[in-house]
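Here are my notes on the structure you sent. Please read them with the sequence and the 3D view open.

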Amino acid sequence: MVQVSFTLPVPHDKRAEGAAVQLANKMGIDPAMLVHAKPMSDGFTFFVVYGRVNHLVDLSAVQVVERDFPLLSAKEVNAVVKRRLRRKLSVVGACIGTDAHTVGIDAILNVKGIAGEKGLEYYRELKVTNLGAQVSVPELVEAARVERADAVLVSQVVTQRDAHLHNTREMSAAFREAMPAGRRPLLIVGGPRFDESMAGELGVDRIFGRGTTPGEVASFLVHALVTEKKAKA
């Protein structure tokens, strides 16, 4: 059983409700029951439809990016960085392009964090530089150079015309051009519309999707920059 909501460009009346049920039927919802209808503005109506679908899901065909690193507490992250890196791990974060939505990057970086979990500024062995919103790619590259960033975190919420993909590709290309491979920081992007499997295609090291916590990001940084690097050495 599923519930869907949508808006149709029709005024609210019996005909509009019939159109909503017809659309739901074409979606494969059968029988479809209209449970809510409300005028939104002149010529638009919002609907909620509930019903049954008969489509099957093949779990064996589902492809996701599994977490391949252990989750560490803040105390464990600090201990690993102090013991193995022997200096503070530098992180630079920003929203790039015209994106002014800092809620995501602030949730990861700011001390207040999200859902009771403190952000990366709380970790005493991490040095965090939050550049805020609407940062140009050249500004980000320069800040990463000045701060000697080990990792660059970019949040992208604005997705119209695939702006998040364009901005990410522009950023990764700029870092490849500006810095040699051995000195390039870890590039991490996040946002609700990213496909986590596209990291290689977009030229970044990791993509984090909706619901990511500061602890996950900190644990990944330790895994990629400290644990994995030491193992390769």
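1. The model is predicted. Its open sheet has five strands, in the order 5-4-6-7-8, and the pairing is parallel. Strand 5 and strand 8 stand at the edges with a single partner strand each, so one side of each has no neighbour in the sheet. On average, neighbouring strands are turned by 20° against each other, with direction ignored.

2. Strands of a sheet pair through backbone hydrogen bonds, and the pairing may be parallel or antiparallel. How many bridges does strand 7 form with strand 6? Strand 6 (residues 151–155) pairs with strand 7 over five bridges, in the parallel sense. Within this pairing, Gly 190 of strand 7 is the bridge partner of Ser 155. Between these two strands the chain passes through helix 5 (residues 163–178), and this β-α-β crossover is right-handed.

3. On to the pairing with strand 8. Strand 7 and strand 8 (residues 206–208) run parallel and are joined by three bridges. Val 189 stands opposite Ile 207 of strand 8, and Arg 206 of strand 8 is the bridge partner of Ile 188.

4. Are the residues of strand 7 mostly covered or uncovered? Strand 7 (residues 186–190) is mostly covered, with five of its five residues buried. In a regular strand, side chains alternate between the two faces of the sheet. In strand 7 both faces are covered: Leu 186, Ile 188 and Gly 190 are buried on one side, and Leu 187 and Val 189 are buried on the other.

5. The largest nonpolar core has 28 residues, of which Leu 109, Leu 120, Leu 153, Leu 186 and Leu 221 touch the most other members. Elements giving two or more residues to this core include helix 2 (74–85), strand 4 (89–94), strand 6 and strand 7. Which element gives the largest share? Helix 7 does, with eight residues. A second, separate core has 24 residues, among them Ala 94, Val 141, Val 154 and Ala 199.

6. Val 81 lies in helix 2. Val 81 counts as buried because its relative accessibility is 0%, and buried means under 20%. Setting aside neighbours within four places in sequence, its contacts are Arg 86, Arg 87, Leu 89, Glu 125, Leu 126 and Val 222. The C-alpha atoms of Val 81 and Thr 227 are separated by 9.3 Å, although these residues are 146 residues apart along the chain.

7. His 223 lies in helix 7. Why does His 223 count as buried? Its relative accessibility is 16%, and the cut-off for buried is under 20%. Not counting residues up to four places away in sequence, His 223 touches Asp 68, Phe 69 and Glu 228.

Conventions. Residues numbered from 1 in each chain as written. Predicted model: local features only at pLDDT ≥ 70, side-chain atom pairs only at ≥ 80, totals over all residues. Heavy atoms only, no water. Buried < 20%, exposed > 50% of the residue type's maximum accessible area, 1.4 Å probe, protein only. Helix = DSSP H or I, 4+ residues; strand = E, 2+ residues; numbered from the N terminus. Pairing = 2+ DSSP bridges. Right-handed = clockwise from strand over helix to strand, strands pointing away. Core = buried A, V, L, I, M, F, W, Y, C linked by side-chain atoms within 4.5 Å. Contact = heavy atoms within 4.5 Å. Axes fitted to C-alpha atoms, helices over the stretch in contact; angles between N-to-C directions.
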